[in-house]
Amino acid sequence: MLKVTGQRDAVSQGISLVIEGRLAGAWVEELNAYCRALSENQQHCTKIVLAGVTFIDADGRALLARLWREGAQLRASGCLTRRVVEEITGESLVDQFCRNQKNVVSETDHETG
């Protein structure tokens, strides 16, 4: 089973998708169809939250990789999903954290300087 919940992202004006269940088999095509429908309605997926995903097969990984290349941010919390995101983006969550910290420091310096 796969549950996809779309939420409007006020900051990016895109859609965030919260995914729950198994991203495998026929469910991969369901997510793909959902994303195609967004595109057809002139909307785009800006973030994919994988916190509730319990399994991702090779087709699911390929779809996530394509969505990431098209600009969607991938968010993960469990060991499985974090590893998949790291494989797709080539960046560990530690790298992402450090980059985000540098951006926060840079913005703070800019505001005070």
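**Exercise 1.** At what angle do helix 1 and helix 2 pack, and how far apart are their axes?

*Solution.* The model is predicted: local features require pLDDT of at least 70, side-chain atom pairs count only at pLDDT 80 or more, and totals for chains, interfaces and linings use all residues. Residues are numbered from 1 along each chain as its sequence is written, and side-chain values use heavy atoms, with hydrogens and water left out.

Step 1. Helices (H or I, at least four residues) and strands (E, at least two) are DSSP runs numbered from the N terminus. Axes are lines fitted to C-alpha atoms, for helices over the stretch in contact, and angles run from 0 to 180 degrees between N-to-C directions.

Step 2. Helix 1 (residues 26-40) packs against helix 2 at about 20°, and the two axes are 9 Å apart. Helix 1 is therefore roughly parallel to helix 2, a label given to angles under 35 degrees.

Step 3. Contact means heavy atoms within 4.5 Å. Val-28, Leu-31, Asn-32 and Cys-35 of helix 1 meet Asp-59, Gly-60, Leu-63, Arg-66 and Leu-67 of helix 2.

**Exercise 2.** Determine the strand order of the sheet and identify the strands at its edges.

*Solution.* Step 1. The chain holds 4 helices and 4 strands, in the sequence pattern β-β-α-β-α-β-α-α.

Step 2. Two strands pair if DSSP finds at least two bridges between them. The 4 strands form an open sheet of order 1-2-3-4 with mixed pairing.

Step 3. Strand 1 (2-9) and strand 4 (73-75) each have a single partner strand, so one side of each is left without a neighbour in the sheet. On average, neighbouring strands of this sheet are turned by 20° against each other, direction ignored.

Step 4. Strand 3 (residues 45-56) pairs with strand 4 in the parallel sense over 3 bridges. Val-49 has Arg-75 in strand 4 as its bridge partner.

**Exercise 3.** Describe how helix 2 and helix 3 are placed relative to the strands.

*Solution.* Step 1. Helix 2 (residues 58-69) packs on the sheet and touches strand 2 (14-23), strand 3 and strand 4. The direction of helix 2 makes about 165° with that of strand 3.

Step 2. Helix 3 (residues 79-89) lies across strand 3 and strand 4, and runs at about 130° to strand 3.

**Exercise 4.** What share of the residues in the chain is buried?

*Solution.* Step 1. Buried means under 20% relative accessible area, with a 1.4 Å probe and protein chains only.

Step 2. Of the 113 residues in the chain, 31% are buried.

Notes. Buried < 20%, exposed > 50% of the residue type's maximum accessible area, 1.4 Å probe, protein only. Parallel < 35°, antiparallel > 145°, perpendicular 65-115°, else oblique.
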